[in-house]
Amino acid sequence: MDVKSIIRLYWDKRSQTYGKNTYRSPDEAQHLWKGILKNAICTDERLRILDVGIGTGFLALLFSEMGHNVTGIDISKCMLSKTRCNADKMGLNVDLIHADAENLPVKDEYFDIVINRHLLWTIPNPGTAVNEWSRTVRTGGKIILIDGKWHDYAIDMRLRRFISKMLVFMTEKRDPRLFTSHYDSIKDRLQFFYGSTPDNVIDLFSKAGLKNISMNNLEELEKFETKNRPLAYRIANKPSLYLAIGEK
Ligand SMILES: C[S@@+](CC[C@H](N)C(=O)[O-])C[C@H]1O[C@@H](n2cnc3c(N)ncnc32)[C@H](O)[C@@H]1O
């Protein structure tokens, strides 16, 4: 099976549980994220926003609640069904497209903002993807990328991840082997599998010709997550999250 098919298969299966136990107080988390997104887009105007690798719609639904026109793309049809379901429950509208982040079926310069969160690590050709996102953003529009350095290979962190997997297994009945059975065979083909740093993204954005690149190290979010993530997630990793913005 090719890399993308393995990734698609994993996320189809993972869609059943993804995002369910991320925060102990989801309302507070949503409020915090809305503030982060509002600062990043820096306008009160109604925008056309594309969320690439939309997952179950966490960011896209916040943008929709904020009054924007939102489109979401995902390689997994099951993830898109989850987003549709979540949007319907909340009475929100999001256009959904089943497509690959590296090859978007979207007109040039159509969107004001292209955003993605926690996607870069699972993209086989990051340079191609960023060029593609840049193609679909209007001149003066922004690409926003949220990611982090996911895996610290120090011995204590490996031990913590092991305990975390056991806790997830016991509390959520989610088998940690699902991830390894899919990603172990392809991780060497994913440049940022272990995570990415702001410098990595500055490099990618510069090569795609983006300007006015800025970074936010999401300190407030990190403090919030330290208190509000369930124990199983809190002990697993300290991902050093960042939010990068590049302008076309
Ligand atoms: C870690 S989840 C993040 C979901 C969402 N962005 C969030 O922050 O909650 C990664 C998502 O990217 C999707 N994905 C992975 N590779 C993709 C690709 N090449 N094109 C489009 N979506 C992809 C997966 O199906 C999954 O929904």
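Seven strands build an open sheet in the order β3-β2-β1-β4-β5-β7-β6, with mixed pairing. Strands are DSSP runs of E with at least two residues, numbered from the N terminus, and two strands pair if DSSP finds at least two bridges between them. This is a predicted model: local features need pLDDT of at least 70, side-chain atom pairs count only at pLDDT 80 or more, and totals for chains, interfaces and linings use all residues. Residues are numbered from 1 along each chain, and side-chain values use heavy atoms, without hydrogens and water.

- Strand β2 (residues 69–74) runs parallel to β3, and four bridges join them.
- I73 has I97 in β3 as its bridge partner.

**The ligand**
- The ligand is surrounded by 18 residues (a heavy atom within 4 Å).
- The closest are G53, D74, D100, A101 and R117.
- The shell divides into 10 nonpolar, five polar and three charged residues, with Gly counted as polar.
- A backbone N or O atom of G53 lies 2.7 Å from a ligand nitrogen.
- A polar backbone atom of A101 is 2.8 Å from a nitrogen atom of the ligand.
- In the side chain of R117, an N or O atom is 2.5 Å from a ligand oxygen.
- The protein covers 98% of the 600 Å² of accessible area (Shrake-Rupley method, 1.4 Å probe) that the ligand has on its own.

How values were computed
Polar contact = N/O pair within 3.5 Å; in protein donor to acceptor, adjacent residues only side chain to side chain.
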